[in-house]
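Hello,

My findings follow below it.

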Amino acid sequence: RGLVSKDDVPSYTEDLPTIYADEELAALFGACDDEERLLFQFFLCSGFRDQEVRYLCWGDVNFATSEVSVTHKPQWGWQPKAYKPRRVPLSTKMLDALKAWKLQSVATCPLVFPTGRCNPRWDFLTVLKRIAAQAGVPDAYLHKFRATFATKCLWAGVDVRTTMSWLGHSDMESTLRYLRPNQSVEVRAKVNQIFG
């Protein structure tokens, strides 16, 4: 007691979350083969975590409602983070790509992105790093797709509460950590409209 005062708490500058710029995404996807492109576009369009994609099954993809779910996978001993299942809407373009991928997939394998022997894959980050090096995209990592998803949803006008449910967060603070402030030309134009 008395050894540490309030003034002894270290101060720091909080960094802005990093997201992929549109030109970085174009470069990444341009360096992918068809399977890799679908995989990483799915990361971007769903906001899923690494393990959520690893254990994604065709039963989680609802083509009728245009949604994908995060669900418990007892056969692999895997639970969603904080034991929270959730549903995320998918774009028509992503659903069409998944339909085409399903037609090429082994009918007896339940996983969407399996190994050749129908096991969950553990090499997503390794593959991304290789592609990023070829594409000249620095600082590429899987969770950056999730931050990009959250930020793009917010910039497009999706409310924070909805984005929060899609990400599977239980508090708004967690969601806000993913969101990068919009500094686009369009936002600057709104400032000019407001303040002339």
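**The disulfide and the other cysteines**

Cys-109 and Cys-118 are joined by a disulfide, with an S to S distance of 2.1 Å. Please keep in mind that this is a predicted model. A search of the whole structure finds one disulfide, and a disulfide is, in general, a covalent bond between the sulfur atoms of two cysteines. The torsion about the S-S bond of Cys-109 and Cys-118 is about 90 degrees, so the disulfide is right-handed.

The two partners can be described by their accessibility. Cys-109 is buried, at a relative accessible area of 8%. Cys-118 is partly exposed, at 23%. Cys-118 sits in the loop between helix H4 (92–104) and helix H5 (124–135).

Cys-153 counts as buried, with 11% relative accessibility. Cys-32 is also buried, and its relative accessible area is 8%.

**Backbone: positive phi**

Most residues other than glycine have a negative phi. Cys-118, although not a glycine, has a positive phi of about 60 degrees. Ser-66 is not a glycine either, and its phi is positive at about 60 degrees. Ser-66 is placed in the loop between strand S1 (61–62) and S2, and it counts as partly exposed at 26% relative accessibility. There is a glycine with a positive phi as well: Gly-47, which follows H2, has a value near 70 degrees.

**Helix H2**

Helix H2 covers residues 34–46, which is 13 residues. From its first C-alpha to its last it reaches 18 Å, close to the 18 Å expected at 1.5 Å a residue. What caps the N-terminal end of H2? Asp-33 does, with a side-chain oxygen 3.1 Å from the backbone nitrogen of Glu-35. The buried residues in H2 are Glu-36, Leu-38, Leu-39, Phe-40, Phe-42, Phe-43, Leu-44 and Ser-46. After the helix comes Gly-47, with the positive phi given above.

**Strands S2 and S3**

Strand S2 (residues 67–70) pairs with S3 in the antiparallel sense, over four bridges. Within this pairing, Ser-69 has Arg-87 in S3 as its bridge partner. In a regular strand the side chains alternate between the two faces of the sheet. Strand S3 (residues 86–89) has Arg-86 and Val-88 on its covered face, while Arg-87 and Pro-89 are on the uncovered one.

**The protein as a whole**

The secondary structure comes to nine helices and three strands. From the N terminus on, the elements run α-α-α-β-β-β-α-α-α-α-α-α. Of the 196 residues in the protein, 38% are buried. Among contacts with a separation of 6 or more, 62% are between residues 24 or more positions apart. The protein exposes about 11,900 Å², and carbon and sulfur atoms supply 54% of that area.

Regards

Conventions:
Residues numbered from 1 in each chain as written. Predicted model: local features only at pLDDT ≥ 70, side-chain atom pairs only at ≥ 80, totals over all residues. Heavy atoms only, no water. Helix = DSSP H or I, 4+ residues; strand = E, 2+ residues; numbered from the N terminus. Expected span 1.5 Å × (residues − 1). Buried < 20%, exposed > 50% of the residue type's maximum accessible area, 1.4 Å probe, protein only. Polar contact = N/O pair within 3.5 Å; in protein donor to acceptor, adjacent residues only side chain to side chain. Contact = heavy atoms within 4.5 Å. Areas by Shrake-Rupley, 256 points an atom, 1.4 Å probe, with all protein chains shown as cover. Pairing = 2+ DSSP bridges. Disulfide = S-S within 2.5 Å.
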